[in-house]
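Please look at the sequence and the model before reading on.

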Amino acid sequence: MSLFLAVQVLTPPPATERYVTLLQSPADQSTGWVVEMSRGGTLKLVPVGAPSEVPAGRVWQFWTKPQGATGPTSLGLVRAGMTLELPVSRLPAVGAQQLFEITLEPEGGSPIGRPTGPILYVGTSIRL
């Protein structure tokens, strides 16, 4: 009589590509926001620390520019101290060394489809 054992090898599912970006002030290198995103998932823009004031008649606008892109893409307006979450399908691409920035724009956002105001926070993504 022979004894036969069947062994099932479980393979973990492929890891989802995840990226993180620290958005820092060009003026003093302080971190104001963290961007977290995963391929096929969501992007989260999370404030760090106490929010600064937005001047009257102005708004913060969130932008991204993947490597090789000819220009930035607006990801919408940002409210002080609020987390923004959106599907990565709204981004032109997802990857490492992707530029993210928040600029100060006229009320309603940039009128020309690209940043017009000063960069308040900027950073590039790294893969985790």
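The points below cover the basis of the model, the aromatic pairs and a loop residue.

This is a predicted model, in which local features need pLDDT of at least 70 and side-chain atom pairs count only at pLDDT 80 or more, while totals for chains, interfaces and linings use all residues. Residues are numbered from 1 along each chain as its sequence is written, and side-chain values use heavy atoms, with hydrogens and water left out.

**Aromatic pairs**

- Rings of Phe, Tyr and Trp (its six-membered ring) pair if their centres lie within 6.5 Å; planes under 30 degrees apart count as stacked, over 60 as edge-to-face and the rest as tilted.
- By this rule there are two aromatic pairs.
- Trp33 and Trp60 form an edge-to-face pair, with 6.0 Å from centre to centre and 90 degrees between the planes.
- Because Trp33 lies in strand 2 (residues 31–38) and Trp60 in strand 4 (residues 58–65), this pair ties together parts 27 residues apart in sequence; strands are DSSP runs of E, at least two residues, numbered from the N terminus.
- Phe62 and Phe100 form a stacked pair, 5.8 Å centre to centre with 20 degrees between the planes.
- Phe62 lies in strand 4 and Phe100 in strand 7 (residues 99–106), so the pair ties together parts 38 residues apart in sequence.

**Burial**

- Buried means under 20% relative accessible area, exposed over 50%, and partly exposed in between (1.4 Å probe, protein chains only).
- Trp33 and Trp60 are buried.
- Phe62 is buried at 0% relative accessibility, and Phe100 is buried with a relative accessible area of 0%.

**A loop residue**

- Gln98 lies in the loop between strand 6 (84–87) and strand 7, and counts as buried at 1% relative accessibility.
- Leaving aside neighbours within four places in sequence, Gln98 has contacts (heavy atoms within 4.5 Å) with residues including Met37, Thr64, Leu91 and Ser125.

How values were computed: Helices (H or I, at least four residues) and strands (E, at least two) are DSSP runs, numbered from the N terminus.
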